[in-house]
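Here is a friendly tour for someone meeting this structure for the first time. Keep the sequence and the 3D view at hand as you read.

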Amino acid sequence: MPKALNGVRILDFTHVQSGPTCTQLLAWLGADVIKVERPGVGDITRGQLRDIPDVDSLYFTMLNHNKRSITIDARNPKGKELLEGLIKVCDAMVENFAPGALDRMGFTWERVHELNPRIILASIKGFGPGPYEDCKVYENVAQCAGGSASTTGFDDGPPVVTGAQIGDSGTGLHLALGIVSALFQRTQTGKGQKVTVAMQDGVLNLCRVKLRDQQRLAHGALTEYPQYPNGEFGDAVPRAGNASGGGQPGWILKCKGWETDPNAYIYFITQAPVWGAICDVIGMPTWKTDPDYASPQARLPRLREIFATIERWTMTKTKFEAMEILNQYDIPCGPILSMKELAEEASLRTTGTVVEVDHPTRGKYLTVGNPIKMSDSTSDVQRSPLLGEHTDEILRDVLRFDAATIADIRASGAIDGGPKPKAAAAE
């Protein structure tokens, strides 16, 4: 079956997580992604957080599926020629180097556009134009600078970064949308363009409800926050623990086994339309008519008490038992699932959300699959490439070099990291 991005060729200059997340998604959608790596070294994550000696780490493999790898030494004149040749035949070039690095390599936007007026040059940077634009940024820095950390955690504790990689992976997903949008616009204009996403911007975009609440503060207390009614609100949005970010109050509650199982919890939302059902399920039918509990507004200053009462019920059930009962009444809830439980969940294997992949050097491992499900463009997950695995293939099939030319390129050191010594003359 044809895939959505069949025929699109991506020149992938990315490394670590934010950029590879973007290009992997494009590859899952059918693009031919050519990952450029340094000879003998490759993406730094190949060797980071290794669980098995001398093989590509899961950090690398889980971010680089469905790609082809070519090794090129950009400092070698012949290597730079190869890169220029690839720019000429690719639809998009994606990079997440430190600020100014691409320019120093000789690939300014003006030069890239000169080589290929139709190419999309897509970049991830830490910050946009401003006082911090030259700063290097990683995942947790982006979370802290984008408003996530200051609004995550409990009010009596320090800021907390989230386990979800919203700075790296989140920004990569934003960039992928920018690339496909630019490709669509090119069908109308015939021209390429620059696409840039700053990690700070991407995180703030995901924290928009907190920016909403920042403005609401000017008009009074945030009544759905746990600080209400007894706590104090300052001039910035406070950390709200496990409170819901929407208009329906929610909290994480203990379930049976919480004393020994760190994930024996459930998220419970006291949605107004099912309040009567909640009262019946937890054995508090009088709350349905009690003026202190009958309306959402009346419940707001009593949320701690309400959730404590609900928790006494949830503690008599496992998280799955509680979910089964609550779902019968359309009461919004969700079990706190561990990574072990998710890895073993059969339904996620069926949908391709979790996939087992076989790798030639590290063997079988689990990875996430494409979360985007399309009826006419199915995604299969292919293993990540070995370092330089497709170098000759790309030189032959993409740049159209013959065997003799490829041999000359290899002798120059452009693809193997150094010029090859000439053979001694026969005596």
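## Helix 7 and its two partners

Helix 7 and helix 8 are roughly perpendicular to each other, because an angle between 65 and 115 degrees counts as such and theirs is about 95°. Their axes are 9 Å apart, and helix 8 covers residues 199-206. On the helix 7 side, the contact is made by D168, T171 and H174; on the helix 8 side, look for M199, G202, N205 and L206. Please bear in mind that this is a predicted model.

Helix 7 (residues 168-189) also meets helix 1 (residues 18-28), with axes that come within 7 Å and cross at roughly 45°. That angle makes helix 1 oblique to helix 7, and the crossing is right-handed. Helix 1 brings S18, T21, C22, L25 and L26 to this meeting. Helix 7 answers with D168, S169, G172, L173, L175, A176, I179 and V180. An α-helix has 3.6 residues a turn, so residues three or four places apart point the same way. You can look for that spacing in the lists above.

## The chain as a whole

Now zoom out. The chain has 17 helices and 11 strands, and its C-alpha atoms fill a box of roughly 100 × 45 × 40 Å along the principal axes. How much of the chain is buried? Of its 427 residues, 44% are. Among contacts with a separation of 6 or more, 65% join residues 24 or more positions apart.

Helix 3 runs over residues 77-89, 13 residues in total. From first C-alpha to last it reaches 19 Å, close to the 18 Å expected. The buried residues of helix 3 are G79, L82, L83, E84, G85, L86 and I87. Their cover includes strand 1 (9-12), strand 2 (32-37) and strand 4 (92-95), along with helix 5 (109-115), helix 16 (391-397) and helix 17 (403-412).

Helix 12 spans residues 303-314 and has 12 residues. Its reach of 16 Å is close to the 16 Å expected. Here L303, I306, F307, T309, I310, E311, W313 and T314 are buried. What covers these residues includes strand 7 (250-254) and strand 8 (265-269), as well as helix 10 (275-281), helix 11 (296-299) and helix 13 (319-327).

## Two loop residues: buried or exposed?

S148 sits in the loop between helix 6 (139-145) and helix 7. With a relative accessible area of 4%, S148 is buried, because buried means under 20%. Leaving out residues up to four places away in sequence, S148 touches Q143, V160, T162, I166, V203 and C207.

D330 belongs to the loop between helix 13 and strand 9 (333-335). Its relative accessibility is 60%, so D330 counts as exposed. Beyond its neighbours within four places in sequence, D330 is in contact with Q271 and V274. For a sense of scale, D330 and R9 are 321 residues apart in sequence and 46 Å apart in space, C-alpha to C-alpha.

## Backbone details to look for

Most residues other than glycine have a negative phi, and most peptide bonds are trans. V16, in the loop between strand 1 and helix 1, has a positive phi near 60°. V16 counts as buried, at 15% relative accessibility. N66 lies in the loop between helix 2 (58-61) and strand 3 (67-71), and its phi is also positive, near 65°. N66 counts as buried as well, with 11% relative accessibility.

Which kind of peptide bond links Y228 to P229, cis or trans? The bond is cis, with omega near 5°. You will find P229 in the loop between helix 9 (208-216) and strand 7.

Technical notes
Residues are numbered from 1 along each chain as its sequence is written. This is a predicted model: local features need pLDDT of at least 70, side-chain atom pairs count only at pLDDT 80 or more; totals for chains, interfaces and linings use all residues. Side-chain values use heavy atoms; hydrogens and water are left out. Helices (H or I, at least four residues) and strands (E, at least two) are DSSP runs, numbered from the N terminus. The expected span of a helix is 1.5 Å times one less than its number of residues. Buried means under 20% relative accessible area, exposed over 50%, partly exposed in between (1.4 Å probe, protein chains only). Contact means heavy atoms within 4.5 Å. Axes are lines fitted to C-alpha atoms, for helices over the stretch in contact, and angles run from 0 to 180 degrees between N-to-C directions. Angles under 35 degrees count as roughly parallel, over 145 as roughly antiparallel, 65 to 115 as roughly perpendicular and the rest as oblique. A crossing is left-handed if the near helix is turned anticlockwise from the far one by less than a right angle, and right-handed if clockwise.
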